[in-house]
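Let's take a friendly walk through one protein chain and look at the links between its side chains. Keep the picture beside you as you read.

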Amino acid sequence: MEKSEITEKQKLLTQKLEEAQVVLVGIGEEFNEGFEDIAKFPELMSALEEVDTNPTLEWTVPFLEKCFIKRHNEGRIIDAYRVLYELIKDKDYFIVTTCIDGNIEKVNFDRERIVEPCGSYKALQCSKKCNNDLTSSEDFISFICQAISDGVGLDSLEKPVCPLCGESLTFNNILCENNYVEEGYKPQWEKYMNWLQHTLHKNICIVELGVGMNLPGIIRWPFEKAAFYNEKASFFRINMQLYHMTKELENKGVSIAADAVDFLNRYQMSGE
């Protein structure tokens, strides 16, 4: 897409956001943390090298990833979240995200207006789902991050285990596959559903950022439905490859063939 065309669509998005009474945002795969910058943290690289030489330590990898996410507070994805925040901060908004990395919480969004149906790194669950109990991961994450900083060998760490069955604990997100405990996000999902029900006759701007077809039932299809049934809706679909709009939404929808992260960061640049 040409720079001039992107600029025009940014202006249109700005206009529709300003006019909107409510704003619905979906965040998908293009915002997933890619861990490209992990080499900037030598202690994490050393820990990963230790895993390479000792496969029994593979259980630590998700925890090392979380340590990286906790420390990595800059970069193109965080910058894009900051731009998004500035665009919608004064609006009645709700955000649905399939990202599990929690990067969105590094920007000042209202957490009561975010739902993460795919889970996150915030809680631990039994890997075998012998129960639906969730425990905060913060203490163990802080412990393992400190151990890495202090140069303590990973082989000296004890794997966290379920107090009921003795199986390992794992992060409460969809990487658990069939064992994913969904109770963690459901209260927030109910808030989202209640909010959405009250948007039907309001001027709504729906913004879909980098949402692909991995989990279309969470954002892509429901967002299309919300736009279809609301006569006052405007719908922006921003995606490098899957930007096409359905025929039923041609009069309401704007397709933007661009990486959603780059699109928002160019937004920031265009305002300089």
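Taking a disulfide to be a pair of cysteine sulfur atoms within 2.5 Å, the count here comes to 1. Before we look at it, note that this is a predicted model, in which local features need pLDDT of at least 70, side-chain atom pairs count only at pLDDT 80 or more, and totals for chains, interfaces and linings use all residues. Residues are numbered from 1 along each chain as its sequence is written, and side-chain values use heavy atoms, with hydrogens and water left out.

**The disulfide and other cysteines**

Which cysteines form the disulfide? They are Cys67 and Cys145, whose sulfur atoms are 2.2 Å apart. The torsion about their S-S bond is about -115°, so this disulfide is left-handed. Cys67 sits in helix α3 and Cys145 in helix α5, so the bond ties together parts that are 78 residues apart in sequence. Helices (H or I, at least four residues) and strands (E, at least two) are DSSP runs, numbered from the N terminus. Both Cys67 and Cys145 are buried. Buried means under 20% relative accessible area, exposed means over 50%, and partly exposed is in between (1.4 Å probe, protein chains only).

What about Cys162? Its closest cysteine sulfur, in Cys130, is 3.6 Å away, too far for a bond. Cys162 is buried, with a relative accessible area of 3%. Cys126 is buried too, at 2% relative accessible area.

**Salt bridges**

Side chains of opposite charge can pair when their charged atoms come close. A salt bridge is a side-chain nitrogen of Lys or Arg within 4 Å of a carboxyl oxygen of Asp or Glu. How many does the structure hold? There are 19 salt bridges, and the table shows three of these pairs.

| Pair | Distance, N to O |
|---|---|
| Lys70 and Glu138 | 3.0 Å |
| Asp262 and Arg76 | 2.8 Å |
| Lys191 and Glu112 | 2.2 Å |

Let's begin with the salt bridge between Lys70 and Glu138. Lys70 lies in helix α3 (residues 61-71) and Glu138 in helix α5 (residues 138-149), so the pair ties together parts that are 68 residues apart in sequence. Lys70 is partly exposed, at 34% relative accessible area, and Glu138 is partly exposed at 40%.

Next comes the salt bridge between Asp262 and Arg76. This pair links distant parts of the chain, 186 residues apart: Asp262 is in helix α8 (residues 260-270) and Arg76 in helix α4 (residues 76-88). Asp262 is partly exposed, with a relative accessible area of 29%, while Arg76 is partly exposed at 38%.

Now for the salt bridge of Lys191 and Glu112. Lys191 belongs to helix α6 (residues 186-197), and Glu112 to the loop between β2 (92-97) and β3 (114-115), 79 residues apart. Lys191 is partly exposed at 38% relative accessibility, and Glu112 is partly exposed at 44%. Elsewhere, salt bridges that share partners join Glu105, Arg111, Glu116 and Lys122 into one network.

**A closer look at Gln125**

Is Gln125 buried or exposed? At 0% relative accessibility, Gln125 is buried. This residue lies in strand β4 (residues 119-126). The side chain of Gln125 reaches the backbone nitrogen of Val181 at 3.0 Å. Counting heavy atoms within 4.5 Å as contact, and leaving out residues up to four places away in sequence, Gln125 touches several residues, among them Asp133, Ser168, Phe171, Cys176 and Tyr180.

Definitions and conventions:
A polar contact is a pair of N or O atoms within 3.5 Å; within protein, one must be able to donate a hydrogen and the other to accept it, and residues adjacent in sequence count only if both atoms are side-chain atoms.
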